[in-house]
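My notes follow in the order I looked things up.

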Amino acid sequence: MERSESSADVRSSLTDDKNKVYTISKSRFIGFINWVHVFSTYLPHLFYVVVLILLGQIAHALHMSEWDWGTFMSNEVSIIEITRPQVMQVGWQLSLIVLLVIVYINNGQRSVYLLDFACFEPPKEWKLTHEQTIECMRNQKCYTEDSLKFMEKIIARSGVGPYTAWPPAITRCLDPSVKLDDSPEASREEARTVIFDVVRKVLKSTGVLPSEIDFLVINCSLFSPTPSLCSMVVNEFKLRQDVATYNLSGMGCSAGVVSIDLVKRLFKGRPRSVALVVSTELISQCLYYGNDRSFLVQNTLFRCGGAAVLLSNKIRDGYKANFKLLTSVRTQLVSEDSMEAVFQKEDADKQVGVQLSKEIPKVAGRALEKNFTALGTRVLPLSEQAKVVFWMAARWVSKTFKFEKKIDPYIPDFTRGLDHFCVHAGGRAVIDSVEKNLKLTKAHVEASRYALYNYGNTSSSSIWYEMDYIRSNSSLKVGQRVLQIAFGSGFKCNSAVWLCINNDIKKQKEPKDFVFSSDSDSDSKKQQ
């Protein structure tokens with residue numbers, strides 16, 4: 001499990017339980033590099049080098065020996081005529097190779113293969129324009145005109161396109177005489193439509209039978225019914241009685257990566273297994289009925305969506321899989337401001353909603369920095385890591401000897417270790433911030449803007465809509481790496497890196513037109 005404060009030592013001064021004071025000791029520059037991860041990254045390459053050297057030694061020994069291979073291969077000489085020194089000359093080397101292979105297979109991490117994934121495509125009757133969305137809000141008869149104008153303004157600036165999906169429980173409110181249906185049954189109906197659709201798609205595309213699934217993981221933050229969503233899927237698709245199910249809730253938009261990381265850890269203890277991961281957010285019950293602006297943002301960004309992902313650690317599945325998981329990094333901040341950045345509670349009028357703090361940009365920046373500090377040691381080339389160490393040392397010297405000129409921190413070029421980026425489509429500001437801080441180009445965040453414009457913020461499944469865009473409409477090649485990065489309540493920043501091992505993927509659909517610029521809406525292109 002990743003440490004939330006890198007190598008910093010967090011110490012608590014024991015005062016009273018209500019007022020604990022935490023102090024963080026400063027780390028030396030070398031503490032920011034996780035050398036265990038560095039060595040583990042290059043260990044497989046070292047293994048191959050040792051094996052090749054030993055094979056070369058064996059070939060050289062056999063070449064220098066006095067064996068008559070022509071006679072030996074024609075079976076005109078018996079094995080008894082081979083002398084003991086000749087056997088000993090290569091026997092220890094062969095034994096060492098076998099031992100290395102056995103140790104490597106037993107102790108090496110089992111690969112996680114992504115067989116395929118499927119994203120939910122909402123039906124046309126679920127889609128509303130911006131004007132229709134505001135009309136649904138107005139028909140609730142609980143919002144003031146100021147609140148309606150505020151939500152209209154947020155939607156216009158959010159980067160969400162003019163035609164995105166809401167569940168039937170909300171779209172029915174276009175009729176002023178019909179009330180919103182926020183009952184548990186309405187949310188279950190939304191769950192059945194979204195989850196069953198994507199699970200059927202991924203099972204059909206991979207040819208995997210429901211009885212072959214060993215693990216089922218479903219993440220949905222705000223709707224957590226009894227029986228669970230996992231039980232609903234098990235019952236519908238008739239999974240085995242011994243299938244291990246995990247239902248994750250309350251983990252925010254980064255729960256999709258959390259689910260992948262969970263499967264990776266489960267696979268370590270169970271070889272030759274298949275896991276089904278479903279990421280979604282069910283919003284039939286999630287409207288906020290008050291007028292506090294810090295709560296109203298949730299009514300403007302989130303939309304219907306979901307994705308199902310089929311994973312395997314069977315060696316034979318590596319030949320037909322699209323991607324292989326290289327690494328996953330989870331970062332959990334520990335502080336009051338990070339805990340309350342995204343917080344579900346009641347407002348002053350006892351209306352329940354999710355409050356978004358003004359400190360979110362700061363908190364997200366800290367989480368992103370810590371996550372990429374750990375990620376950099378796993379994906380960046382040594383030359384780029386050396387630059388990081390050099391500039392950290394230079395800053396330490398400058399600070400120690402109090403130089404007049406301040407040395408800015410060096411931001412590594414992550415495009416040297418990553419080829420494609422799936423930045424969580426939490427809003428235009430989120431994408432713009434990551435693009436600016438990591439010095440990415442507009443092409444790097446094209447998939448993120450596409451997902452936001454055409455689907456809105458679909459929470460934990462947004463990174464899979466982006467992944468779908470990349471594999472369908474980008475020049476994805478074998479050997480390229482795809483980064484998925486998402487933020488979540490708590491506050492969390494989680495990332496996963498996938499290696500493309502099969503680019504025999506048909507172009508599934510033509511890309512829709514959408515906004516690349518973060519400027520005013522007047523620059524927006526019309527949707528085709």
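Which residue in β15 is the bridge partner of Phe 323? I found Cys 500 in that place. I note at the start that the model is predicted.

**Entry 1, the sheet**

I looked at the strands on either side of that bridge. β10 covers residues 323-332 and β15 covers residues 492-500; the two pair in the antiparallel sense over nine bridges. I then traced the whole sheet. It is open and has nine strands, in the order β7-β6-β8-β9-β3-β10-β15-β14-β13, with mixed pairing. β7 and β13 are the edge strands, each pairing on one side only. From one strand to the next I noted an average twist of 20 degrees.

I went to β6, residues 215-219, and asked how many of its residues are buried. The count is five of five, and I wrote the strand down as mostly covered. In a regular strand the side chains alternate between the two faces of the sheet. I checked the directions here: Phe 215, Val 217 and Asn 219 point one way, while Leu 216 and Ile 218 point the other way. The residues of both sets are buried.

I looked up the pairing next. β6 pairs with β7 (residues 244-248) in the parallel sense over five bridges. In that pairing, Tyr 246 of β7 is the bridge partner of Val 217. β6 also pairs with β8 (residues 274-280), in the parallel sense and over five bridges. There I found Val 278 of β8 as the bridge partner of Ile 218.

I followed the chain from β6 to β7. β6, helix α8 (residues 229-237) and β7 make a right-handed β-α-β unit.

Pro 227 sits in the loop between β6 and α8. Lys 238 lies in the loop between α8 and β7. Its phi is near 55 degrees, a positive value in a residue other than glycine. Is Lys 238 buried or exposed? I noted a relative accessible area of 58%, over the 50% cut-off, so Lys 238 counts as exposed.

I looked up Ser 273, which is in the loop between α9 (255-268) and β8. Ser 273 is buried, with a relative accessible area of 1%. The side chain of Ser 273 reaches the backbone oxygen of Pro 271 at 3.4 Å. Leaving out residues up to four places away in sequence, Ser 273 touches Asp 214, Phe 215, Phe 267, Leu 311, Ser 312, Asn 313 and Lys 314.

I looked up Thr 133 in helix α4, residues 130-138. Thr 133 counts as buried at 2% relative accessibility. I asked which side chain makes a polar contact with the side chain of Thr 133. It is that of Trp 166, at 3.3 Å. With residues up to four places away in sequence not counted, Thr 133 touches Leu 128, Ile 155 and Trp 166.

I went through α15, residues 428-437, and listed Arg 428, Ile 431, Asp 432, Val 434 and Glu 435 as buried. They cover an arc of only 165 degrees around the axis, so they are on the same side of α15. Ala 429 and Lys 436, on the other side, are exposed. What do the buried residues of α15 pack against? I found α5 (145-157), β13 (420-423), α16 (446-455) and β14 (481-488). Just after α15, Lys 439 takes a positive phi of about 55 degrees.

I looked at Ser 459, in the loop between α16 and α17 (462-473). Phi of Ser 459 is near 60 degrees, a positive value in a residue other than glycine. Ser 459 is buried, with a relative accessible area of 2%.

I ended with Phe 491, in the loop between β14 and β15. The peptide bond from Gly 490 to Phe 491 is cis, with omega near 10 degrees.

Definitions and conventions
Residues numbered from 1 in each chain as written. Predicted model: local features only at pLDDT ≥ 70, side-chain atom pairs only at ≥ 80, totals over all residues. Heavy atoms only, no water. Buried < 20%, exposed > 50% of the residue type's maximum accessible area, 1.4 Å probe, protein only. Helix = DSSP H or I, 4+ residues; strand = E, 2+ residues; numbered from the N terminus. Pairing = 2+ DSSP bridges. Right-handed = clockwise from strand over helix to strand, strands pointing away. Arc of directions from axis to C-beta. Contact = heavy atoms within 4.5 Å. Polar contact = N/O pair within 3.5 Å; in protein donor to acceptor, adjacent residues only side chain to side chain. Axes fitted to C-alpha atoms, helices over the stretch in contact; angles between N-to-C directions.
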